[in-house]
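Here is a short briefing to read alongside the structure.

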Amino acid sequence: MPYIDSILKEKRVFYPSHEFSRKSHIKNMAEYSKLYKKSIESPEKFWAEKANELEWFKKWETVLRNDMGFFKWFEGGRLNVSYNCLDRIVKSGKGSKTALIWEPESGEGKKYTYEQLLKEVCKFANVLKKLDVKKGNVVQIYLPMIPELPIAMLACARIGAIHSVVFAGFSSDALKDRIRDSNAELLITADGSFRNGKIFSLKKNVDIALKECPTIKNVIVVKRTDNNAYIANGRDAWWHELINKKEIKDICEPESMHSEDSLFILYTSGTTGKPKGILHTQAGYLLFVYLTFKWIFDIKENDSYFCTADIGWITGHSYIVYGPLSNGATVVMYEGSPTFPKPDRFWRIIEKHKVTIFYTAPTAIRALAKEGDEWPNKCNLSSLRLLGTVGEPINPEAWIWYHNVIGKNKCPIVDTWWQTETGGILISPLPGATPLKPGSATKPFFGILADVLREDGSKANPNEGGYLVIKNPWPGMLRTVWDDPQRYKNAYFEKFGVYLTGDSARMDEDGYFWIMGRIDDVIKVAGHRIGSAEVESSLVSHKDVAEAAVVPYPHEIKGQAIYAFVVLKKNAKKSGQLNDELKKHVAERVGPIAKPDKIQFADELPKTRSGKIMRRILKAIADGSKDYGNITTLTDPGVVEILAKNRLN
Ligand code: PRX
């Protein structure tokens, strides 16, 4: 990584202002340490106490149970997640408070109060019921960043359906694979979406995908772009027509859900080609995102909170929808690109909606910093009081720019480390308490026992890199991999018997965690998680490709980008045209975010005698480090030199 060196050398420390600490939920490190100790010594007591802040239809009987490696939280309890995010807030007297501010890429936005959002959710829940969606059914959602997306999710939660959101930037193939895995019967989509002023025909992708998804019986289509989408007779119906029918009431009784009933599936990349359906359940997930949001974002009654993530990823699920709404917060969601129409779009939104808390990804910070300080400097950012980052390590240079230019040296930055699997944030500063070190996600949240282990399972020394693991269960953790419990066990618990994150990290002498990046075959491109196996299998699905291997290389803006080594079939000819075609092929098969930046044609790949491709060596070629390690086990060590000679700059 380009910035690992600067992360290793970073020594600066930034303290929260007295003013900020005084008003925050957790005010100093002594308070943090005391509560942390309690949460680790008696986790069940700690979490049970916090669970009382939610509204239960029936109290739980046991806080935590380990069922042969599958963890169950709050068994015996019953609640409803949408009720806790909407009705509970309305009942507390905040019905007229703004819940959601939608900022479209162009044109007029929309605002919903908690009361209005509740009504919309109830209406759509009734639409789903009319279409025979029942508790436990899977509803696939493929929507852009429009209000119908959180409404659809909350409506599913209200009636006990399991939502499975697919990022709208994914291709029809990726959508198809996810539907075929989840066996959803209903799909919610839009005719199109806007990005950078252009229209993307989402519905076209759906129509292609559905040719191979026999389980889908109904498709609900939001009219967003009005681009003459095809509406299949008997299968497809417009959202606005369904929801405006006379018989659709704006009241819908929330389903009483068991704590461990499924809430949602969200697919993410692992080390094999098949995406993993990460399953989250009701009570534990809700409690975890509720509490982490409350304390890490130090939420107050008058905050205006803007998270730039897409709801199609876990950050949007947990910290646009469930975390903020269960706290009765005001959330800004934005539909489009950070640079449309100009590179000041985020800063304009902050000014317009007087945003106090801003949460984004390091890749966006780097890209916007590159555009120049004049863009943020032209906007009034004085409402900001807290900043956050997520998705990949932040290099100290980008951190300092964020702190100075956006935060005007007065806003703490919460560098939040977590994953789709963890449900919510596990390692992060508490903004009023934790001294910040640029590039470090700092300390574990309450109830989280994080550690760094060596290959043999022993504890690494301070500052020694190793495997980042979590040694105890927490309420927001994944419960299983959809339809594949064995994969849950193998991927996460087989190596050390405790939760394996897939990241490498070091812990410094102050107990601060410094995340170094993925240790497995997952590549973080602009914060998006891409499995190298997914890209490789899409490359080899091209008629001219015999073999492919994909590795990350450092990229100034994206953090990491994809470098592919491709061996062509005998009769295919290496050409610039084919190179472009292969990139396009991956974009179409997986999605534009997975497109390799560089494709190097090779005659042979470095392999061990047993035929295993040595990705470690390819990585050292791609990043130019030449740190090949031992190459004597290769069938033909000469391959390395040839590949290095032809390396693309
Ligand atoms: O490598 C870590 C990186 O993102 C991975 C999880 O990706 P995903 O499941 O898509 O969830 C992203 C949003 C939570 C992690 O394994 N990552 C996430 N946050 C950070 C990070 N790396 C360094 N610092 C972070 N703050």
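The side chains of Arg-385 and Asp-303 meet in a salt bridge, with N and O 2.8 Å apart; the term stands for a side-chain nitrogen of Lys or Arg within 4 Å of a carboxyl oxygen of Asp or Glu. Arg-385 sits in the loop between helix H15 (374-377) and strand E19 (386-390), and Asp-303 in the loop between H11 and strand E16 (304-307), so the pair ties together parts that are 82 residues apart in sequence. Both residues are buried, meaning under 20% relative accessible area, where exposed is over 50% and partly exposed lies in between (1.4 Å probe, protein chains only).

This is a predicted model, in which local features need pLDDT of at least 70 and side-chain atom pairs count only at pLDDT 80 or more, while totals for chains, interfaces and linings use all residues. Residues are numbered from 1 along each chain as its sequence is written, and side-chain values use heavy atoms, leaving out hydrogens and water. Helices (H or I, at least four residues) and strands (E, at least two) are DSSP runs numbered from the N terminus.

- Glu-392 and Arg-366 form one of them, their closest N and O atoms being 2.9 Å apart.
- Glu-392 belongs to the loop between E19 and helix H16 (396-406) and Arg-366 to helix H14 (residues 362-370), so this pair links parts that are 26 residues apart in sequence.
- Glu-392 counts as buried at 9% relative accessibility, and Arg-366 counts as buried at 7%.
- Arg-235 is partly exposed at 21% relative accessibility, whereas Asp-236 is buried at 8%.

- Eight strands make an open sheet in the order E12-E11-E8-E6-E7-E14-E15-E23, with mixed pairing; two strands pair if DSSP finds at least two bridges between them.
- Strand E12 (236-238) and strand E23 (480-481) are at the edges with a single partner strand each, so one side of each has no neighbour in the sheet.
- Strand E15 (residues 276-281) and E23 run antiparallel and are joined by two bridges, and Ile-278 has Val-481 as its bridge partner in E23.
- H9 packs on this sheet, touching strand E6 (138-142), strand E8 (186-190), strand E11 (218-222) and E12; contact means heavy atoms within 4.5 Å.
- The direction of H9 makes about 150° with that of E8, taking axes as lines fitted to C-alpha atoms, for helices over the stretch in contact, and angles from 0 to 180 degrees between N-to-C directions.
- Which residues of helix H9 (residues 202-210) are buried? They are Leu-202, Lys-203, Val-206, Asp-207, Ala-209 and Leu-210.
- Seen down the axis of H9, these buried residues fall within an arc of 165°, so they line one face of the helix; the arc is that of the directions from the helix axis to the C-beta atoms.

**Nonpolar cores**

- The largest nonpolar core has 171 residues, and Phe-124, Ile-188 and Tyr-322 have the most contacts inside it; such a core is a set of buried Ala, Val, Leu, Ile, Met, Phe, Trp, Tyr and Cys residues joined through side-chain atoms within 4.5 Å.
- Helix H11 (residues 283-296) gives this core its largest share, eleven residues.
- A second, separate core of 29 residues includes Phe-346, Phe-358, Leu-368 and Trp-399.
- Setting aside residues up to four places away in sequence, Ile-188 touches residues including Phe-124, Leu-128, Ile-220 and Trp-239.

**The four-stranded sheet**

- E21-E22-E24-E25 is the strand order of an open antiparallel sheet.
- E21 and strand E25 (513-518) are its edge strands, each pairing on one side only.
- E21 and strand E22 (residues 466-470) pair over four bridges, and Leu-453 has Tyr-467 as its bridge partner in E22.

**Two further buried spots**

- Pro-438, in the loop between strand E20 (413-416) and strand E21 (450-453), counts as buried at 0% relative accessibility.
- Beyond its neighbours within four places in sequence, Pro-438 is in contact with residues including Glu-10, Phe-14, Trp-399 and Trp-514.
- Seven of the nine residues of helix H18 (residues 532-540) are buried, so this helix is largely enclosed by the rest of the structure.
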